[in-house]
Structures are given as structure tokens and as C-alpha cells.
Amino acid sequence: MRDDNDLASDQAYDIEQLPDGRIVVGGAMGYGGSDYVAALWCLLPDGTLDPDFGVDGRFQYEFDAGEEYIREVLVTDTYITMVATVAVPGFNYDRIGLVQCTHDGTLDAYFGVDGAIIHTVDATTDVTVRAGTRLEDGGIGVAGYNYSFTDNNEYPMIAMFDALGYPVEGFGTGGISFGTEPGIYFAMATGAGRIYAGGRASMADDDFLLSAFTPDGAPDATFADAGHLVWNQNLTDVIF
């Protein structure tokens with residue numbers, strides 16, 4: 001399927017399948033310049049847009065006037081939860097955006113604040129999303145990085161929210177926690193009572209990084225070195 005948008009470029013970042021076999025693709029629709037809106041396309045099994053989903057097969061949500069990209073699509077039996085990077089207007093820093101719709105592309109008004117919610121630490125802290133996962137309790141896990149304007153390094157980030165999009169009480173700052181050594185998480189998954197995040201540790205070169213966390217978001221001390229495996233096999237080892 002090709003969605004011809006004459007205004008600007010469109011981008012896709014994640015693909016999932018609904019229980020009935022339809023395919024949903026998360027990303028962004030461009031409207032010229034740096035105007036990108038979070039978007040979800042729904043395709044029938046034959047690759048055509050589902051005319052009964054959203055508007056002409058698309059669900060769009062504008063968090064505010066910054067660039068917005070859906071990085072992860074999480075499907076339940078009833079809802080589609082989208083995890084996005086949402087840039088502050090002016091593009092000084094990024095934030096976490098969560099939005100949820102039904103399987104027919106209707107905004108879920110009971111999620112977050114009227115269907116969506118933005119999370120950040122404060123007005124000057126960058127929080128960039130690269131991955132997400134459904135937690136075993138039904139909540140939402142988010143992974144990515146914090147870009148430090150102080151030392152110009154990136155630091156791994158994980159965040160934990162409940163099933164309605166609100167921060168897990170007692171975890172990090174507003175549900176967001178940063179690592180203390182440079183690196184980025186690009187992937188996230190759950191299983192067997194653990195939350196996993198993988199990416200790179202930015203040391204002398206970029207090394208393979210895999211971290212394991214307990215369900216409450218604490219590093220799992222029984223995994224590798226205090227919850228983190230850093231493996232340097234080649235000059236650059238990265239999980240994408």
C-alpha cells in the first residue's frame with residue numbers, strides 16, 4: 001500500500017496485527033516543513049486501507065504544534081495504544097506522548113486526558129522515545145534516551161505508566177527514570193516476570209547493551225552485572 005500524501009513525507013515506525021487480521025502501522029504524516037502529526041494506518045489483509053477505520057483508514061492525533069512520531073503500537077483485545085516522541089514546539093527537547101483508540105479508530109476518551117497524555121520530567125529535560133511494550137499488569141513500558149545538554153551525551157531511559165497512561169506511583173520522576181552511564185535503548189519487551197530493554201552502551205565505542213528490570217522497574221540484580229549486560233565483541237555492537 002502506498003499512501004500518496006502531496007503535502008510532505010510520511011513515515012512508518014511500527015507494525016502490529018489486530019485480532020481480526022487487519023494490520024496497523026504507526027508513524028507520522030507530514031504536512032509540510034517540520035509539521036508531522038502522529039498517525040496510524042489500518043490495512044485490510046489485502047493491503048488496502050480499511051475504509052471503516054478512523055477517517056479513510058487513518059487515525060491521526062495532534063498532541064500540540066511540535067513534531068510527533070508514533071514509535072510503538074501496542075494492541076489489546078479492545079484498544080490500540082500508541083507510544084510517541086513528541087517534540088516541544090521550537091524543538092528544544094522531546095517528550096513522551098501516549099494516545100489510545102479503539103479497533104475502529106475512535107479516540108478513547110477514557111485514556112489519559114480525553115484520550116491522550118504527554119509526560120516529561122521538567123520543562124528543560126529531553127526524553128526521546130524509541131520503543132515500548134505492554135507490561136504484564138496491563139500497563140505501558142517506554143524506553144529510549146535522555147539527551148543531556150550539560151555534557152552532550154545520551155543516557156538510557158525507561159518509563160512506566162498504568163493502563164490509563166498515568167505514571168506508576170513511586171517510579172522515577174513522573175514515571176520516568178534515566179541511567180547514569182551513556183547509552184540508548186532501542187528495543188523493549190516483557191516476559192517471565194522481567195522487563196527487558198536493549199540498545200547500546202556508549203563507552204569508548206558503542207557496545208551491545210541489554211538490561212533486565214523487575215516488574216516494579218528496578219534493575220534485576222540476578223541478571224548479568226546488577227541487571228545490565230554490556231558486551232564488546234566488535235568496534236560497534238548495536239541493537240536496533
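Student: With which residue does the side chain of R22 meet in a salt bridge of 2.8 Å, N to O?
Tutor: Start with the rule: a salt bridge is a side-chain nitrogen of Lys or Arg within 4 Å of a carboxyl oxygen of Asp or Glu. At 2.8 Å from N to O, the side chain of R22 meets that of D50.

Student: How many residues apart are R22 and D50, and in which loops are they?
Tutor: Strands are DSSP runs of E with at least two residues and helices are runs of H or I with at least four, numbered from the N terminus. On that numbering, R22 is in the loop between β1 and β2, and D50 is in the loop between β3 (36-43) and β4. The pair links distant parts of the chain, with a separation of 28 residues.

Student: Good to know! What pLDDT must side-chain atom pairs have to count here?
Tutor: Residues are numbered from 1 along each chain as its sequence is written, and side-chain values use heavy atoms, leaving out hydrogens and water. This is a predicted model, where totals for chains, interfaces and linings use all residues, local features need pLDDT of at least 70, and side-chain atom pairs count only at pLDDT 80 or more.

Student: Why is R22 classed as buried?
Tutor: Buried means under 20% relative accessible area, exposed means over 50%, and partly exposed lies in between (1.4 Å probe, protein chains only). D50 is buried, as is R22. R22 counts as buried because its relative accessible area is 12%.

Student: Which residue forms a salt bridge with R95, and where do the two lie?
Tutor: The closest N and O atoms of this pair are 2.6 Å apart, and the partner is D64. R95 lies in strand β7 (residues 94-102) and its partner in the loop between β4 and β5 (68-75), so the pair ties together parts that are 31 residues apart in sequence.

Student: On to the sheets: what is the strand order of the open sheet that has β1 in it?
Tutor: Two strands pair if DSSP finds at least two bridges between them. β1 and strand β2 (residues 23-30) run antiparallel, paired over seven bridges, and Q17 has I23 in β2 as its bridge partner. The four strands pair antiparallel in the order β1-β2-β3-β4.

Student: Which residue of β16 is the bridge partner of F208?
Tutor: Strand β15 (residues 206-213) is joined to β16 by four bridges, and the two run antiparallel. The partner of F208 in β16 is W231.

Student: Last one: with which side chain does T125 make a polar contact?
Tutor: T125 sits in the loop between β8 (116-119) and β9 (128-134), and is buried with a relative accessible area of 14%. A polar contact is a pair of N or O atoms within 3.5 Å; within protein, one must be able to donate a hydrogen and the other to accept it, and residues adjacent in sequence count only if both atoms are side-chain atoms. At 2.6 Å, the side chain contacted by that of T125 belongs to D122.
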